[in-house]
Amino acid sequence: MILACQNITKAFGDHTVLKNASFHIEEREKAAIVGINGAGKSTLLKIIMKELPADEGQTVITKGKTIGYLAQHQEMTSGNTIFNELLTVKQEVLALETRMRELEQAMKHTEGEALTELMDTYSRLSHDFEQQNGYAWKSEITGVLKGLGFEEEEFIKKVDTLSGGQKTRVSLGKLLLSQPDIIMLDEPTNHLDMNSITWLETFLMNYQGAVIIVSHDRYFLNRVVSKIVEIDQGIVTSFSGNYTDYAQKKAQLREARMQAYLNQQQEIRHQEEVIARLKSFNREKSIRRAESREKMLDKMDVLEKPTEARTDMRIELEPRFPSGNDVLAVEGMSKAFPPKTLFTDLNFEIKRGERVALIGNNGTGKTTILKILNGVLPADQGEFRLGARVRIGYYDQEHHVLHMEKTVFEELSDAYPTLTNTKIRNVLAAFLFTGDDVFKRIGDLSGGERGRVSLAKLMLSEANFLILDEPTNHLDIVSKEILEDALTHYTGTVLFVSHDRYFINTTATRILDLSERTLTNYVGNYDYYAEKKETMISFTSGPSSAETSDTAPAESDSKLDWKQQKEQQARLRKKQNELKKVESRIEELESRDKEIDLLLAKEEIFTDVAKVTELSAEKESLQTELETLYESWELLSE
């Protein structure tokens with residue numbers, strides 16, 4: 001055991017976020033802390049780091065062990081470049097290297113016992129230098145920066161000029177390079193693209209120390225962790241396994257607790273009925289028995305009703321009217337912000353009922369495509385057409401659709417005046433706004449809360465074509481599941497940008513991958529995309545890839561746009577039909593050939609010269625046609 005939290009209690013005013021919380025972490029164990037927004041996850045990390053005091057209880061870290069912590073928001077000020085900022089982690093290694101160089105110079109001019117002493121010191125320092133991977137410090141820093149999504153030309157950028165997300169990535173890089181015995185990460189994937197998240201997953205899975213993660217990225221948790229520490233209404237419970245294992249066990253526990261609660265409530269009602277009946281007899285003996293039962297009820301440890309499953313929070317999405325089958329057609333679309341070209345000659349179509357995920361690395365132009373489709377930005381070249389009766393509902397990351405001076409309730413009631421107060425409250429409750437929360441001003445809400453209000457408005461828009469830009473940003477897992485459930489039951493069409501792979505896997509029926517200024521189409525969910533992408537990488541990394549790199553992209557199925565893939569699928573179906581016809585004809589001819597053989601064996605036939613001649617000619621004709629059909633079948637089968 002490397003870390004133990006023992007009976008931690010923490011309250012803010014009347015609100016207790018942690019009640020006698022206890023759990024432990026073993027060496028090299030990978031654990032996640034999960035719970036809804038406001039459950040106390042970040043608070044728990046801060047208590048472990050001694051940044052917040054616990055009201056009761058204590059945290060114990062094994063003596064001599066180091067701990068590193070990455071908070072959600074980084075206030076980093078530094079005059080260093082990105083590379084030099086990470087280099088500060090390697091100061092001990094650099095000092096060793098400097099000392100070794102000094103000793104090398106000194107040994108050139110020293111003899112005798114002094115030389116021996118210098119050589120012993122040099123040998124010891126050299127061993128320490130090697131143990132700290134000193135010979136590879138430069139490549140180690142470069143690897144971490146590239147893994148976290150920084151291009152080599154960005155290494156010289158000043159830290160002070162970076163955005164908040166970039167500073168968080170720099171801080172994460174420093175933490176990973178420092179290699180503490182315990183790494184604690186609060187929402188580490190928020191500012192990473194898919195490639196960087198995948199790199200971080202691999203890094204953490206192979207990390208020799210312990211890792212504690214607060215994250216709403218379920219795909220990430222499934223791959224990295226083997227323990228889930230849940231905070232639910234202040235109670236901390238540990239579960240072995242990844243997120244999927246936890247979700248299954250949680251559902252089973254909730255069902256068992258609910259049954260126990262219902263059984264106890266039934267017993268309480270029964271006892272209350274018996275007590276009332278005994279008292280109604282109005283006899284001394286019966287009254288004493290009633291009082292005895294009342295004392296028993298008073299001593300009973302009444303179970304709290306378990307938190308309900310999400311089923312009562314489901315949002316039903318339904319367009320006011322359906323669109324035509326052709327929802328969107330994009331032809332020859334290009335966009336650049338000189339000197340950078342984002343994409344060129346994009347061509348794709350979206351049909352009614354599809355849920356299309358647009359994915360790609362940060363900065364490739366995904367949000368720009370959505371803004372062009374919504375008329376926020378013009379395309380440099382090309383055009384797009386909306387189909388008949390298409391009505392767009394747009395969710396943007398900046399929440400420009402909200403009015404900062406209104407309350408949450410007013411935002412919905414003003415936008416949809418025909419809705420009853422009960423309906424509005426039910427919708428807001430589905431996005432975790434309950435009680436007096438509905439009267440908070442939009443301007444006073446956090447980014448995550450504004451996101452939930454924007455989603456609530458979108459759900460009520462009755463649009464038949466939803467365009468969503470990072471709809472899961474800042475949402476906790478419960479909110480994501482609500483949105484997933486709503487989208488999978490939605491009968492309209494959806495185009496969305498997201499880096500949440502679990503969300504994509506659950507909702508998408510097709511994926512458009514924006515990379516190298518063009519789109520690649522994958523018909524399937526994220527798991528299908530990942531499998532095909534890996535196959536493509538394996539194929540293109542073969543010996544002949546360099547020779548065919550100029551022509552392969554144009555000819556590869558994976559590079560065909562949607563229209564071309566449809567045409568190719570039509571050609572494939574045509575060939576499959578031809579193959580069936582050939583097989584049917586072969587079967588027919590072979591059957592007739594066997595019939596002729598049987599006829600020729602009959603005496604009344606083989607004694608009839610004219611009939612034998614006729615059948616022999618037919619058999620020869622059959623054999624000739626069969627030879628041709630066999631060749632056709634072989635080609636079509638391939």
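Close-up 1. A cavity is a set of points, on a 1 Å grid over the protein atoms alone, where a 1.4 Å probe fits but cannot get out. Grid points are joined across faces, edges and corners, and a volume is the space filled by probe spheres set on the points. In this predicted model, local features need pLDDT of at least 70 and side-chain atom pairs count only at pLDDT 80 or more, while totals for chains, interfaces and linings use all residues. Residues are numbered from 1 along each chain as its sequence is written, and side-chain values use heavy atoms, without hydrogens and water. The count is one cavity of 30 Å³ or more, and the largest cavity holds about 50 Å³ of space. Among its lining residues (an atom within 4 Å of a point) you will find Leu317, Pro319, Met459, Glu462 and Tyr490.

**Close-up 2. The six-stranded sheet.** Here an open sheet with mixed pairing runs in the order β14-β15-β16-β12-β17-β18. Strands are DSSP runs (E, at least two residues), numbered from the N terminus, and two of them pair if DSSP finds at least two bridges between them. β14 (392-395) and β18 (518-522) are the edge strands, each with a single partner, so one side of each has no neighbour in the sheet.

**Close-up 3. Strands β15 and β16 side by side.** Strand β15 (residues 465-469) runs parallel to β16 (residues 493-497), and five bridges join them. To find your bearings, look for Phe465, whose bridge partner in β16 is Thr493.

How values were computed:
On a 1 Å grid over the protein atoms alone, a cavity is a set of points where a 1.4 Å probe fits but cannot get out, and a pocket is an open set with protein on both sides within 12 Å along at least five of seven lines; lining residues have an atom within 4 Å of a point. Helices (H or I, at least four residues) and strands (E, at least two) are DSSP runs, numbered from the N terminus.
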